[in-house]
Amino acid sequence: MENYPGFTMITGADLAKKFKEELMNFENDGLWIKEGVEVVDLSGADPDFLVKTSDEKEYHGKTVIIASGRIPKMLGIPGEKELLGKGVAIIEFAKGSHALTKNGQATLQKVARSVTIINITDALRGDEILMKNVTSSSKVKILNNHEALEILGDQAVGGIKIKNKQTNEEQIISVSGVFIEIGWTPSTSFDKLTDKNDKGEIEVDNYGATSVPGIYACGDVNDQWGEQIVIAAGEGAKTGLRVAEHLSKVPHQQTSNIHEG
Ligand SMILES: Cc1cc2nc3c(=O)[nH]c(=O)nc-3n(C[C@H](O)[C@H](O)[C@H](O)COP(=O)(O)OP(=O)(O)OC[C@H]3O[C@@H](n4cnc5c(N)ncnc54)[C@H](O)[C@@H]3O)c2cc1C
């Protein structure tokens, strides 16, 4: 990364490590860091919310800030889950960044003997230079208007079944790897309470407040424009200030402090 203030260049992993080191200074002040667990459910109402996690713990809180980012979209076709890590992989790229999409493909063509791009629309879009790099390569074949139907293989990927959307003709291509790169979606499976837009993003006001009083959302999971770490960090700071203000209005006796159950 070359665009986070204070660092000329730092990897995402190193930046996350630095964020964590700083947070650990607050562990004696009631801040807990729980790693390797997933939030599976959110319920309750202002000012008493309940968060359930995958390790069957329960957390009560007066407010909730959702900062769960985005997860890669999957194709949802047979063979995808079964062969993940056995020839099926997910190429990561920033939401809406077609330049990086093409960058992933451009990188792939350096290591593969041949690359076939299965594209469901009638044309690929992207940064002009990277597009030229991809389309001018003799290793790359682009199949527009084609849809992936099934990934084939037993212990490892052996092929992919695809359909021409214009002729409905199906064919099997013999491949040894399938790289899925169809975008990202907000991680909100645990949240049935807040209003979302048609992209599944949590709708918030200028202060990060959602449609449910007491629940806030910041970073890539919400409907605000721009997906960058500095933007997510800024939204987090703004939301934190707003939550502090919100909490100052909640009478102390009305509910207990955050506690683990
Ligand atoms: C490949 C790639 C490269 C990028 N490069 C850059 C770059 O160079 N510069 C830049 O500014 N931005 C970059 N971005 C974008 C940047 O990573 C995001 O905008 C930023 O991380 C968003 O921060 P966030 O806190 O909202 O979400 P995240 O950083 O995605 O954090 C969300 C966290 O919530 C966790 N989570 C999700 N669901 C649950 C759940 N149910 N229970 C518990 N935890 C959960 C996730 O595991 C994750 O740890 C890049 C993104 C990608 C994918």
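Which residues does T185 touch, not counting residues up to four places away in sequence? Keep that question for a later stop; the tour starts with the whole chain.

**Whole protein**

This is a predicted model. Show the cartoon first: the protein has 4 helices and 15 strands. Colour by burial next, and 33% of the 261 residues come out as buried. If you draw contacts between residues at least 6 apart in sequence, 51% of them join residues at least 24 apart.

**T185**

Now select T185, in strand 13 (residues 184-186). Beyond the residues up to four places away in sequence, T185 touches R70, I71, K73 and K199. Take R70 from that set and draw the C-alpha to C-alpha distance to T185: it is 5.2 Å, although the two residues are 115 apart in sequence. T185 is partly exposed, because its relative accessible area of 25% lies between the limits of 20% and 50%.

Go to Y4, F7 and F19, and show their side chains; together they form one aromatic cluster. The count of aromatic pairs comes to 3. One of them is Y4 with F19, an edge-to-face pair with 5.9 Å from centre to centre and 70 degrees between the planes. Y4 belongs to the segment before helix 1 (12-24) and F19 to helix 1 itself, so this pair ties together parts 15 residues apart in sequence. Is Y4 buried or exposed? Y4 counts as buried, at 16% relative accessibility. F19 has a relative accessible area of 34% and is partly exposed.

**Charges over rings**

Select W32 and K34. K34 lies over the face of W32, 5.6 Å from the ring centre. Then move to Y207 and R242, where the charged end of R242 sits over the ring of Y207 at 3.7 Å from its centre.

**A nonpolar patch**

Select M74, L84 and I90 with the surface on. These residues make a nonpolar surface patch of about 220 Å². Centre on L84, which lies in the loop between strand 5 (70-72) and strand 6 (88-90). L84 is partly exposed, with 42% relative accessible area.

**Backbone stops**

Most residues other than glycine have a negative phi, and most peptide bonds are trans. The next selections depart from those patterns.

- D46 and P47: the peptide bond from D46 to P47 is cis, with omega near 5 degrees. P47 lies in the loop between strand 1 (39-45) and strand 2 (48-53).
- E56: phi is near 65 degrees, a positive value in a residue other than glycine. E56 is found in the loop between strand 2 and strand 3 (58-61). E56 is exposed, with a relative accessible area of 74%.
- N145: phi is positive here too, at about 55 degrees, and N145 is not a glycine. N145 sits in the loop between strand 8 (140-143) and strand 9 (146-153).

How values were computed:
Residues are numbered from 1 along each chain as its sequence is written. This is a predicted model: local features need pLDDT of at least 70, side-chain atom pairs count only at pLDDT 80 or more; totals for chains, interfaces and linings use all residues. Side-chain values use heavy atoms; hydrogens and water are left out. Rings of Phe, Tyr and Trp (its six-membered ring) pair if their centres lie within 6.5 Å; planes under 30 degrees apart count as stacked, over 60 as edge-to-face and the rest as tilted. Helices (H or I, at least four residues) and strands (E, at least two) are DSSP runs, numbered from the N terminus. Buried means under 20% relative accessible area, exposed over 50%, partly exposed in between (1.4 Å probe, protein chains only). A charge sits over a ring if NZ of Lys or CZ of Arg is within 6 Å of the ring centre and within 35 degrees of the ring normal. Patches are made of residues with over 30% relative accessible area and no salt bridge: like charges are joined within 9 Å, nonpolar side chains (Val, Leu, Ile, Met, Phe, Trp, Tyr) within 5 Å. Accessible areas come from the Shrake-Rupley method with a 1.4 Å probe; for residues, only the protein chains shown count as cover. A salt bridge is a side-chain nitrogen of Lys or Arg within 4 Å of a carboxyl oxygen of Asp or Glu. Contact means heavy atoms within 4.5 Å.
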